[in-house]
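Keep the sequence and the 3D structure open while reading.

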Amino acid sequence: MPLTIPREFKPFLRDGDNAITATDARSLAYDGQLVFTSPNMTFVPQLYDNPSNIVQARADGKFWAMDPFQWPQMYADAYTWSFTIPRREFHEPGTDLWYAWWLPAFSDDFEPLSPGHVFGKLKSTHRDHLFRLYEQAKKRVGSYKLFRENKQDAVVGWITGLRSVFERFKEMRAWRDIVMILAEFQRRFLEIWSMMDYLEIFEPRLKFEDRAHRVNKTWMGCFTKDSAIALRLHKAGVPVWLIRDVRLVDDNINIHQVVPFTPADLVFGMYLHPIKNFAQPFDIQHKGPSDHQRQAAVCQPYLTFEEIPIDHTEVNRFAASREPSSGKAPTRTMKNKSAVYEPTALRQNQSQVGRDKWCDMAHPFMPNINTFFESAMSHAEKDLSRVKPTHARMDEGYRLPDPGLFVNVLSSQSLKKYLANWLACRESWLKHVYMSPPSPLPRSQSWRDLLIMQPTPQPSSSSGQMPSGKTGKSKAKLDVFFGDELSLLRQFWTGSQMLQWRGQKIEAAMLENPPHHLVQQIIYEICEQSFRYDLLELDEHLAGHMRLDQEAKKRRMELLHGIFPQHALTMWDKDFSTRNDGLNAESFHDALPYFENFRQVLIAWDGAPQDLKQPFTESMPEGEKWQRMKQCALFYVQSFYNNTGRPPVVPHILYAAP
């Protein structure tokens with residue numbers, strides 16, 4: 001029996017030194033001889049490290065507290081990225097990422113062959129959400145692959161495995177099998193997501209060991225008994241809990257609070273037959289101490305699915321019930337003629353022209369989206385029936401290029417062209433589109449054609465000739481939209497290839513591998529200026545009755561100007577602010593006057609919610625301010641979609657939180 005040293009811990013701060021280092025305790029819990037301290041978290045999770053614990057799937061297909069995808073584990077050199085696995089509680093129910101932890105219910109989420117049958121599929125709405133999980137992982141890995149020299153990182157191949165697991169959802173299977181397939185799909189997705197955070201966030205932070213990064217509370221974190229590892233993880237902003245023998249804990253450590261252990265709130269019960277309600281426990285995967293072998297055991301595909309014979313009579317009846325009853329012959333599908341699937345391609349299927357414009361691509365070049373508008377983009381109703389008929393709609397084109405074009409590129413050469421072409425014609429186009437925008441506005445494809453081109457001098461023999469064919473028509477369309485800009489691009493590509501960006505001279509050659517902050521600034525400016533132009537145009541469309549005379553128009557424009565810092569609808573001709581301000585301000589106090597002006601603009605539009613009729617006040621509870629600001633953003637996003645048929649470009653944040 002181990003010797004227990006009686007000792008009591010209380011909150012304590014050193015004289016003149018209240019800093020919390022890796023070996024101090026923002027929170028401390030102890031149990032007999034072991035002391036658990038965290039320098040950056042306010043709770044201490046209970047460590048389940050009994051060597052005799054078996055690794056066996058529970059009723060939800062997961063492995064209870066031994067599962068690193070659900071609960072913090074001991075640090076392991078062979079599985080270093082496990083501490084960056086995201087935590088469930090930071091993702092709102094109903095969002096796509098929330099489906100990484102979603103638990104299906106047999107009665108609500110399963111479509112059986114017939115009532116009382118345990119064979120069938122997940123409902124299509126849930127399969128769609130899971131497929132979007134796969135797409136998010138694929139996009140993120142594709143972007144990583146493009147900008148990393150090492151193209152053979154293991155995570156690139158993991159996407160193939162994730163897709164192969166998803167394909168099983170399309171087949172008729174026993175409910176018990178679906179539980180395990182879903183758990184396997186979720187584990188693989190979380191492993192990919194955590195590896196990308198490890199490569200793109202954690203590893204770069206290690207380059208700045210002279211500073212401690214703010215803790216990322218959305219990460220799982222880990223336990224360790226090594227003070228050096230705790231120091232390394234603490235500086236990188238990883239939640240960490242250091243385990244020490246009570247005899248090795250210094251009497252002089254800073255302790256903010258002593259807390260009880262937080263137990264795991266996870267499923268512990270065995271799997272039960274969904275209809276007959278008898279236990280059918282899954283096979284034991286592993287038995288042994290809490291180490292990497294036990295972590296690895298939960299990452300392996302669970303291959304011992306229960307074999308349930310398929311009742312072909314029921315399958316045929318189920319299929320027949322889905323056939324059209326109109327008397328028309330069913331549509332025939334082509335057999336075995338699918339395109340070769342390349343899981344590591346940056347652009348495939350919907351990655352190029354079918355990119356989901358309702359959410360930003362996860363990419364280091366993309367500035368963070370304003371949180372109010374991020375929520376609005378997620379919750380807006382996207383049903384086409386909400387879009388007004390053509391005669392009642394606004395122009396759906398883009399005054400400025402779609403910001404996503406700059407991060408959805410095939411190669412560094414393409415990136416160079418996109419950035420160089422935009423910077424070369426930026427000043428000319430911004431003045432042009434502000435004073436006299438073309439009608440109709442360029443579509444996203446026209447912007448893509450402009451930005452990817454590398455013009456050559458026009459031969460004299462071609463003058464007076466009309467272009468022919470598809471390529472010729474595209475060029476003719478570009479001439480209509482961008483006549484002056486095309487001349488500038490020809491001069492640029494045949495000249496010195498020097499560019500200007502806000503007083504800074506840039507060589508085109510360096511844009512093949514540009515600094516992240518430069519591209520973020522360029523995209524930020526496009527997002528902000530697009531939002532201002534779109535807001536102005538949408539207000540003219542929906543609130544024309546507020547501009548019936550010169551005085552009323554002046555008042556309306558003053559209100560619109562008041563939504564933005566410096567009271568300006570243009571920002572391309574002004575210096576960037578030194579902090580996030582306006583609708584992007586970092587405090588309710590600073591953002592309130594801008595949101596109040598925004599609210600006053602919105603309430604004149606058709607369909608404005610009644611809640612927006614009440615003005616913002618400083619005395620409002622912060623929770624109410626938060627909800628009302630989200631409501632403003634949602635009403636704007638929904639109104640823009642209803643009147644154009646496309647998602648809007650919304651505000652983004654230039655300065656990330658420290």
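The model is predicted.

## Helices α2 and α4

Start with α2, residues 124-146, and α4, residues 175-205. Their axes come within 10 Å and cross at roughly 25°. Angles under 35 degrees count as roughly parallel, so α2 is roughly parallel to α4. The crossing is left-handed.

On the α2 side, the contact uses L130, L133, Y134, Q136, A137, R140, V141 and Y144. On the α4 side, the residues are L182, F185, F189, I192, W193, M196, D197, L199 and E200. By class, this contact between α2 and α4 holds 13 nonpolar residues, one polar and three charged.

## Helices α12 and α15

Next come α12, spanning residues 516-542, and α15, spanning 622-644. The two axes approach within 11 Å and cross at roughly 70°. The range for roughly perpendicular is 65 to 115 degrees, and α12 and α15 are therefore roughly perpendicular to each other. Here too, α12 passes α15 in a left-handed crossing.

Helix α12 brings F531, D534, L535, L538, H541 and L542 to the contact. Helix α15 brings Y636, S639, F640 and N643. Sorted by class, the contact of α12 with α15 has six nonpolar residues, three polar and one charged.

## Helices α13 and α14

Helix α13 covers residues 550-561, and α14 covers 588-602. They pack at an angle of about 140°, with axes 8 Å apart. Roughly antiparallel would need an angle over 145 degrees. The pair α13 and α14 is therefore classed as oblique.

## Cavities

How many cavities of 30 Å³ or more does a search of the whole structure find? The count is four.

The largest cavity holds about 210 Å³ of space. Its lining has 21 residues. Y524, R532, P565, M571 and D581 lie nearest the centre of this cavity. The lining of the largest cavity comprises ten nonpolar, six polar and five charged residues.

The second largest cavity has a volume of about 180 Å³. It is lined by 18 residues. Nearest its centre are K357, D360, D402, P403 and P648. Eleven residues in the lining of the second largest cavity are nonpolar, two are polar and five are charged.

## Backbone exceptions

Most residues other than glycine have a negative phi, and most peptide bonds are trans. Two sites depart from these patterns.

Which bond is cis? The peptide bond joining S439 and P440 is, with omega about 5°. P440 sits in the loop between α9 (412-435) and α10 (444-452).

The other site is W64. W64 is not a glycine, yet its phi is positive, at about 50°. W64 lies in the loop between β4 (54-56) and β5 (73-74).

Terms used. Residues numbered from 1 in each chain as written. Predicted model: local features only at pLDDT ≥ 70, side-chain atom pairs only at ≥ 80, totals over all residues. Heavy atoms only, no water. Axes fitted to C-alpha atoms, helices over the stretch in contact; angles between N-to-C directions. Helix = DSSP H or I, 4+ residues; strand = E, 2+ residues; numbered from the N terminus. Left-handed = near helix turned anticlockwise from the far one by under 90°. Contact = heavy atoms within 4.5 Å. Nonpolar A, V, L, I, M, F, W, Y, C, P; charged D, E, K, R; others polar. 1 Å grid on protein atoms, 1.4 Å probe; cavity = no way out; pocket = protein on both sides within 12 Å on 5 of 7 lines; lining within 4 Å. Points joined across faces, edges and corners; volume = space filled by probe spheres on them.
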